[in-house]
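The structure is shown first.

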Amino acid sequence: VWQKLELFQHTGTFKPRGSMLVMKSLSPEQLQRGIVAVSAGNHGMAVAYAAKALQSHAKVVMPATANPARIEACRTMGAEVVLLPDIAAAFAMAAELEQKEGRHFVHPFEGELTALGNATLGLEFLRQVGQLDALFVAIGGGGLAAGVACAVKQLQPRCRVFGVEPAGADSMHRSFAADSPQRIEKVETIADSLGAPMAMPYSFAMCRRFVDELVKVTDDELCRAMALLFADGKLAVEPAGAASTAAMLQLRDRLEGQRIGLIVCGSNVDPDTFARCLQRGRAGIV
């Protein structure tokens with residue numbers, strides 16, 4: 001098993017890859033007008049980081065239910081945070097700020113440049129580890145899986161790409177079944193970073209073309225994977241960061257003897273939440 005440790009990336013997740021590439025495509029005038037983003041935390045932190053690096057300014061619209069540690073991290077990185085009741089209201093406010101203030105909207109997962117930035121992760125991983133038989137990548141909105149799967153299937157067509165969703169946020173499963181982007185009524189998972197309420201056309205089309213199979217994991221499976229990664233690998237990951245490991249464990253009988261790649265996508269979890277997840281998952285470690 002080979003792990004791509006994106007928890008050690010800038011801001012603690014893979015997210016700056018896409019955000020930075022999108023923002024580097026903007027003109028000096030656009031950067032001067034600033035950036036707006038919608039996020040429950042990780043994307044907001046990445047946009048704040050990229051805006052500071054490119055001498056721009058970010059406004060991050062977040063649901064009031066977002067983890068307080070992530071809200072504070074966005075502010076620490078220089079972003080102005082706007083809190084609203086829910087994610088729908090956050091998207092509406094972002095659209096308003098885009099119109100009124102001329103800010104450029106950086107989407108949390110949709111778009112060609114976002115996927116291209118995330119594809120660098122797949123390219124790097126294969127250069128580092130060589131031939132893989134299977135690779136597991138988490139799916140929230142699908143931007144990470146879209147980019148990684150696109151790179152992997154072009155470089156190693158025989159490598160089987162598994163996209164992993166929480167059972168309580170399965171918009172891509174529903175979209176594959178309907179053969180079109182779908183929205184879910186409610187997000188119910190501890191993996192808040194994977195809680196996108198809908199799939200969107202570009203990332204859905206990329207996943208539909210390049211992802212071989214989808215896997216659902218439960219919150220209990222995520223907690224067991226978090227506990228295993230901490231006990232065995234000394235890695236403190238957020239629930240989303242354990243999704244690839246949870247899916248691999250679910251399918252381990254099919255994978256015996258194969259070279260497996262796992263993308264450990266992030267680590268932004270506060271100590272209290274991490275401790276609760278470890279306690280919940282520890283009983284499942286064999």
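Is Lys 234 buried or exposed? Lys 234 is exposed, at a relative accessible area of 64% (buried means under 20% relative accessible area, exposed over 50%, partly exposed in between, with a 1.4 Å probe and protein chains only). Lys 234 lies in the loop between α10 (219–233) and α11 (243–250) and has a positive phi of about 60° although it is not a glycine. Helices (H or I, at least four residues) and strands (E, at least two) are DSSP runs, numbered from the N terminus.

This is a predicted model, in which local features need pLDDT of at least 70, side-chain atom pairs count only at pLDDT 80 or more, and totals for chains, interfaces and linings use all residues. Residues are numbered from 1 along each chain as its sequence is written, and side-chain values use heavy atoms, without hydrogens and water.

Gln 55 also has a positive phi, near 60°. Gln 55 is in the loop between α3 (42–53) and β3 (58–63) and is exposed, with a relative accessible area of 74%.

A search of the whole structure finds four aromatic pairs (rings of Phe, Tyr and Trp, the last by its six-membered ring, with centres within 6.5 Å; planes under 30 degrees apart are stacked, over 60 edge-to-face, the rest tilted). Among them are these two:

| Pair | Centre distance | Plane angle | Class |
|---|---|---|---|
| Phe 176 and Phe 204 | 6.2 Å | 75° | edge-to-face |
| Phe 230 and Phe 274 | 5.4 Å | 80° | edge-to-face |

Phe 176 in helix α8 (residues 171–178) and Phe 204 in helix α9 (residues 201–210) are 28 residues apart. Phe 176 is buried at 14% relative accessibility, and Phe 204 is buried at 7%. Phe 230 is partly exposed at 38%, whereas Phe 274 is buried at 11%.
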